[in-house]
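Begin with the ligand surroundings, then turn to the domains and the charged side-chain pairs.

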Amino acid sequence: MGKTVIISNRLPLQLQNNNETLSATPSVGGLATGVKSVHTKDKDLWIGWNGLSEEDTQNIDQKEIDDLLTAHGCANVALNQDDVEGFYFGFSNRTIWPLFHYFLEYAEFELSFWEAYKRVNQKFADAIIANCAEEDTIWVHDYQLMLVPQMVREQWPDATIGFFLHIPFPSYEIFRVMPWRKEVIQGLLGADLLGFHTYDYERHFLSSVRRLLGLEVSFNDIYLDNRVIKVDSFPMGIDYDKFEQAAIAHNSLMPQNRSDLQQRLDKHKISTPDAKFLLSIDRLDYSKGIAKRLKSFEYFLQKYPEYQQKVRLIILAVPSRSNVPQYQLLKKEIDELVGRINGELATVNWTPIWYFYRSLPFENLIDLYTSCDIAWLTPIRDGMNLVAKEYIATRTDQSGVLILSEMAGSANEMMESLLINPNNFEQIADTIHDAISMPMAEQQARNKTLQERLRRYNVGKWATDFMESLQAQKNNNVSFSSRKITASVAKKIKTAYDTAQKRLVFLDYDGTLVGFHKNPKKASPDAGLYEILEHFHNDPKTDLYLISGRDKQTFTNWFMPKGYNMVTEHGVWISRAGSDFTLLENVKNDWMDKIRPVLESFVDRTPGSFIEEKNYSLAWHYRNTDPDFGQLRCTELTTVLTSLIANDNLSVLNGNKVLEIKNSGVNKGRVASKLFMEDSYDFVMAIGDDWTDEYMFEELPEMATTIKVGPKKTHAKYFVENTEKVRELLKQLLEE
Ligand code: ADP
Ligand code: G6P
């Protein structure tokens, strides 16, 4: 068992070079503070950037840097100034960050930023290859490193790779705006497991995968040729005990041992006992809605003037990404707003806003959390917002009110807080009023429930859940790989094929011999395919059957002149050696007039879908519809049909982007086993791609070589990745 390796842009510590003296401070931001709690520095490795460029550390002995990082279980990815500019300040924070937080107007699409992003992602991938082994578990974090999973996968096809996004994944309508959207998705798909904070982000991601890459997605599994990628939501928690214990320790301090900040807060509490403290803590970031919060605070004081002199807002803004122009503008705007509001409303005894623009040590954070009656966190968009959770964890007497933006990921788990829309000033003003007047019993009841939940689903549980899910997914993929037709397996099949006296071969058509086409009529056989089939057909030792859900007319056109054996409509019709099709089963089609109008109404309401009419079945195809909408309509149609056909001995087959209504009891498995009984075959092979082929895999005898195309769950013994591999295998069998 290898080690766990965490990879993120930020390491948990940031280096500073003060006149050639190296020092380190803890990183701020949810990723670093959260993941730090699950990083065991003696066992695991954390790979990331130390916060200084190579030029910044020219005068410092490299070994000193490495030693310092090693002592914290970390390894450095060296970035030069160009990297920092183009990758960090550029693509990460001037393209992805605004776009993913729905600030479309701030997103810049600079080719040079993208080039730097690719280059630096490659540096991270190289650092992983240099510092880890293929059996290690690799956990890549956040939007700065979305290409890394695929870059590592290219070097190490069997690696175990997880990825977690700490920010929102936007709706497809926003994501599609980015010129390099496909490359980003492909980069992420190098992972085995992709984690998001909420189900909404997960659903947006899956929708982009379907629409941009047209990949098959079933529930939260994405199917590539030879791997399945799982996508799931794991809401990140906090180190609950750490915050609770810190608050307990803080509350037991003698007044004289308290921090300066706490002593000042205490003084104000004593002088104005009925005054209330509102707390706002964030990195100084436009996504956090600090400017709106200030304006709505001013509005609150105008709407409820009785609270003037009585309510103080403590704003703590942590400096962040100060090279990015939008952040500089925001800083200026906030400085001015604080100045103006304080200037207009302050009295000799009362300053409405206390504004701190700095990073504070942990103990001061606890001072603020424990001293403030109300935490007021109103991001415009926030992947999670851990501050909200930290505030609740420190309220050991369960007093305190949390006002939280419904746009924060944490709102999904914190329904007991007062949820507001950060753009609705009226609602905000009224909610602050409600928070101030909330009876203690109600505060405690709400916080009790919140605390129980946060204690249970803490950051440790989050990491364990992610890791267990990653391992399970890996095991699934390993079980596919172990059944993959490797060179040696192919050789074994060939030997059995060569030595057999009489062979029976079933080949499904669409998705097995040819790929899917937008228009099924156009997926006609090519010369290469005819050549392969011709060889099987002409071999007197082999009985070849093309076995398909297709209608008999299409197969008549394509294969009748060749004289191939064919089974169509999933087992209704059979034609041997060029003879006319005859019915294999006693089936009816008088039900079609009842079902057709239902399908027609779905075609009318689902652009891109169409009906295929066969002799004994009707199929509703939705491959060319909007993928999400098509899926929705498919579910709706299944429900409608299921109740409609209840007494008709019919069944609804849910195939690959097609719903087919057909007679029950007719299936490929039944035909295949009937045909098997006709002669004494000592080699049987069946190849197919969708679940209608599973009937064959299940019903053929154990000696049969059954092969599934694609890595879906199957009863087949083996799998191959795609139609090209099927043809390769067939050609191999034919070789002298
Ligand atoms: P984001 O990740 O967008 O910055 P979060 O609320 O998820 O937002 O995480 C912020 C983290 O940074 C929290 O864990 C919080 O404790 C920490 N933090 C916030 N403000 C400060 C500060 N002034 N000094 C030190 N750490 C801070
Ligand atoms: C958010 C991001 C993190 C980032 C943090 C601080 O939490 O999700 O990836 O580290 O903000 O931002 P910074 O740019 O300073 O790393």
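**Ligand sites, domains and salt bridges**

Helix α14 gives the largest share of the shell around ligand 1, namely three residues. The model is a predicted one, in which local features need pLDDT of at least 70 and side-chain atom pairs count only at pLDDT 80 or more, whereas totals for chains, interfaces and linings use all residues; side-chain values use heavy atoms, with hydrogens and water left out. Residues are numbered from 1 along each chain as its sequence is written, and chains are lettered from A and ligands numbered from 1 in the order in which they are written.

The surroundings of ligand 1 consist of 18 residues, the closest being G30, T33, R283, K288 and E390; a residue counts as near a molecule if one of its heavy atoms lies within 4 Å of it. Several polar contacts can be described here, a polar contact being a pair of N or O atoms within 3.5 Å; within protein, one must be able to donate a hydrogen and the other to accept it, and residues adjacent in sequence count only if both atoms are side-chain atoms. An N or O atom in the side chain of T33 lies 2.8 Å from an oxygen atom of ligand 1, and an N or O atom in the side chain of K288 lies 2.7 Å from an oxygen atom of this ligand. The backbone also takes part, with a polar backbone atom of L360 at 3.0 Å from a nitrogen atom of ligand 1. On its own, ligand 1 has 570 Å² of accessible area, of which the protein covers 90%; such areas come from the Shrake-Rupley method with a 1.4 Å probe, and for residues only the protein chains shown count as cover.

Two or more residues of this shell come from each of α1, β12 (276–283), β13 (311–318), α13 (362–371) and α14 (386–393). Helices (H or I, at least four residues) and strands (E, at least two) are DSSP runs, numbered from the N terminus. By class, nine residues around ligand 1 are nonpolar, five polar and four charged. In this division, Ala, Val, Leu, Ile, Met, Phe, Trp, Tyr, Cys and Pro count as nonpolar, Asp, Glu, Lys and Arg as charged, and the others, Gly among them, as polar.

How does the chain divide into domains? The assignment gives domain 1 (4–78 + 120–233), domain 2 (240–456), domain 3 (484–583 + 666–734) and domain 4 (592–662); the bounds come from an automatic or database domain assignment. Domain 1 and domain 2 each give at least three residues to the shell around ligand 1. Between the centres of domain 2 and domain 4, taken over C-alpha atoms, the separation is 54 Å.

Ligand 2 has 14 residues around it, and R10, Y88, D142, Q144 and R321 come nearest. An N or O atom in the side chain of D142 is 2.5 Å from an oxygen atom of ligand 2. For Q144, a polar side-chain atom lies 3.2 Å from an oxygen atom of the ligand, and for R321 the corresponding distance is 2.8 Å. The protein covers 93% of the 370 Å² of accessible area that ligand 2 has on its own. Helices α1 (30–36) and α3 (81–100) are the elements that give two or more residues to this shell, whose residues divide into six nonpolar, four polar and four charged.

Away from the ligands, attention turns to charged pairs. Side chains of opposite charge can pair when their charged atoms come close. The whole structure holds 52 salt bridges, a salt bridge being a side-chain nitrogen of Lys or Arg within 4 Å of a carboxyl oxygen of Asp or Glu. K332 and E336 form one of them (3.6 Å, N to O); both lie in helix α12 (residues 325–345), four residues apart, about one turn of the helix.

D539 and R503 form a salt bridge at 2.9 Å, N to O. This pair links distant parts of the chain, 36 residues apart: D539 is in the loop between α19 (527–538) and β19 (542–547), and R503 is in strand β18 (residues 503–507). R503 counts as buried at 4% relative accessibility, whereas D539 is partly exposed at 22%; buried means under 20% relative accessible area, exposed over 50%, and partly exposed in between (1.4 Å probe, protein chains only). R210, R211, D626 and D628 are linked in a network of salt bridges.
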